[in-house]
Amino acid sequence: MKKIFLTLLFGVFLLGNTQAQELSHERKQAVDSLALEKVRDLSKYIKIIGSKETPWSEANRVIDRAEELFAPDAEIGVSSLTTNEVQYYKVRQYLERLMRLNYDRVEIDWYKIEYVSDLQRQPDGTYVGVITVFQTFKGFDKEGRLVYQDTTKKDITVYVKRKETQIGGRLIGFWDVMLGDMRVKETSIK
């Protein structure tokens, strides 16, 4: 909760209080930075949740924090080398499944986190963009042998909306960044 409040304050002070619904170049850079920070936070959370060394109570606390990064009804795709199907789960369901994976040790790493589409203004004033990440997943058995490995390219939709909050009796406008659906684009053995 503290981190969300600090992120909110960061957004208020960095992005300023203007009535305009347009993103200036400076604000766009700040929003881009905040979106990438949220994706990096999600990467850390997924690593913690997927680790078999993380206590159950801590994993559940981190699931709550990770879920706060997403827009309501966002879904995360899951793929495998053993099937061509991609299954989509609500964020909480995905994270809880990740916590219960049937491996003795799991390693999950994200790399090449970058924007692939610039923020585009929608008719309702919301800006939408896409961040691409590559995820390597490794599952190990009791003896420490690697039993499954894949690399998945995922596109994460990013929503930027104008919001307001009251601080010290003043109405302050800010741009908020929420993560949306995480779509699987490709899964390989790399």
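## Close-up views

**View 1. D73 sits in the loop between α3 and β1 (75-80).** Keep in mind that this is a predicted model. Buried or exposed: which is D73? D73 is exposed, because its relative accessible area is 63%, and the cut-off for that label is over 50%. There's a backbone detail to spot here too: D73 has a positive phi, about 70 degrees, although it isn't a glycine.

View 2. With 53% relative accessibility, K112 counts as exposed.

**View 3. Here's helix α3, end to end.** How far apart are the end C-alpha atoms of α3? They are 16 Å apart. That agrees with what you'd expect, because twelve residues at 1.5 Å a residue should span 16 Å. If you try the sum yourself, remember that the expected span uses one less than the number of residues.

**View 4. Now look at which residues of α3 are tucked away.** The buried ones are A59, V62, I63 and A66. Looking down the helix axis, you'd find these buried residues within an arc of 110 degrees, so they line one face of α3. The general idea is handy here: an α-helix has 3.6 residues a turn, so residues three or four places apart point the same way. What lies over the buried residues of α3? The cover includes α2 and α4.

**View 5. N60 is another residue of helix α3.** N60 has 23% relative accessibility, so it counts as partly exposed; the buried label needs under 20%.

View 6. As a general rule, nonpolar side chains tend to be buried together in soluble globular proteins.

**View 7. Zoom in on F70 and its contacts.** Skipping neighbours within four places in sequence, F70 touches L42, I76, V91, M178, L179, G180 and M182.

**View 8. T157 is part of strand β5.** Its relative accessibility is 17%, so T157 counts as buried. Once you set aside neighbours within four places in sequence, T157 is in contact with V128, G129, M178, L179, G180 and D181. M178, L179 and G180 are also among the contacts of F70.

**View 9. Finally, step back to the whole protein.** You can count four helices and six strands, and along the sequence they follow the pattern α-α-α-β-β-α-β-β-β-β. Of the 190 residues, 44% are buried. The average pLDDT is 87, and 89% of the residues score at least 70. Take care with residues 4-20, though: the pLDDT there is below 50, and in the model this stretch has 32 contacts beyond near neighbours in sequence.

Technical notes. Residues numbered from 1 in each chain as written. Predicted model: local features only at pLDDT ≥ 70, side-chain atom pairs only at ≥ 80, totals over all residues. Heavy atoms only, no water. Helix = DSSP H or I, 4+ residues; strand = E, 2+ residues; numbered from the N terminus. Buried < 20%, exposed > 50% of the residue type's maximum accessible area, 1.4 Å probe, protein only. Contact = heavy atoms within 4.5 Å. Arc of directions from axis to C-beta. pLDDT = per-residue confidence, 0-100.
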